[in-house]
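Subject: Structure handover

Hello,

Here is the structure for your records. Please open it alongside the notes below.

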Amino acid sequence: MKPVLMAVLVVGAYGCGLPTYPPVLSKVYGGVDALPHSWPWQISLQYMHSGSWYHMCGGTLISDEWVLIAAHCISSSRSYRVYLGKHNLYMLESGSIAISPSKIIIHPAWNSNSIRDDIALIKLQTPVTLSGTISPACLPPDGYILPHNAPCYVTGWGSFYINGPPHDILQQALLPVVDHATCSRSDWWGSKVTQNMVCAGGDGVVAGCTGDTGGPLNCAGSSGTWEVHGVLTYQSSMSCLIGKKPNIFTRVSAYIDWISKSIAGY
């Protein structure tokens, strides 16, 4: 990262969007180390290569056995695991656990040549025990549109530059929402952006980057719980930091019906 379900899906004693260790919300425009376990729904999707595991994407736990992620993070040729409860990617940590997927559901309209409908679900092989280090985010209301400049946060272990190595410590950054009318202007992202996307950032100072994709756009809901309003899908291929080229997220509120039906089918 560059410097500066609804209730039916929630089980157990740990409600959605209510971290045991609340995040420290810096108003500084830049990536900062997150308080350990303050985003307990953040996961690291990792793939196996030559006998070792490597961080690929972020993702969001939305129940004790389902993870929301970007479709572009998934390849049929790779083996994956979902690491939950992580803060430092490179250390063994109490309260963290790696679980293999039992099912991966990619949105049927996803096309690898397009960034549209870039959303997928992973069912964990075994339900995770919710705790102070692992608990789900809430889903936003169906169809909800975030207002311009809504103060949301991007989180992840992403690199400082395109295709760079991941960060060791989970990062967070304030990333204000850019409304569709602005983001779809010709000098911003133009027609690349659809109504099923959320833009955030674009000041040329802070952005999610390689390794953050698939992860959440975290926004506080009206009840004070944290909701995952976006799945990070795209940044400029030239640089993560370009003015008027904000991060593009798949808008989760446009896919509530698909999420609910997909989960109900398994």
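Predicted model: local features only at pLDDT ≥ 70, side-chain atom pairs only at ≥ 80, totals over all residues.

Residues are numbered from 1 along each chain as its sequence is written, and side-chain values use heavy atoms, with hydrogens and water left out.

The chain contains two helices and 14 strands (DSSP runs numbered from the N terminus: helices are H or I of at least four residues, strands E of at least two). Of its 266 residues, 56% are buried (buried is under 20% relative accessible area, exposed over 50%, partly exposed in between; 1.4 Å probe, protein chains only). Its accessible surface is about 10800 Å², 55% of it from carbon and sulfur atoms (Shrake-Rupley method, 1.4 Å probe).

E2 (42–49) pairs antiparallel with E3 (residues 52–61) over eight bridges (pairing requires at least two DSSP bridges). Gln46 lies opposite His55 in E3. The E2–E3 hairpin has two residues between its strands, and Ser50 in the turn has a positive phi of about 50°. E3 also runs antiparallel to E4 (residues 66–69), with two bridges; Thr60 is partnered by Leu68 in E4. Four residues link E3 and E4 in a hairpin.

Leu35 sits in the loop between E1 (32–33) and E2. Leu35 counts as partly exposed because its relative accessibility is 35%.

Regards
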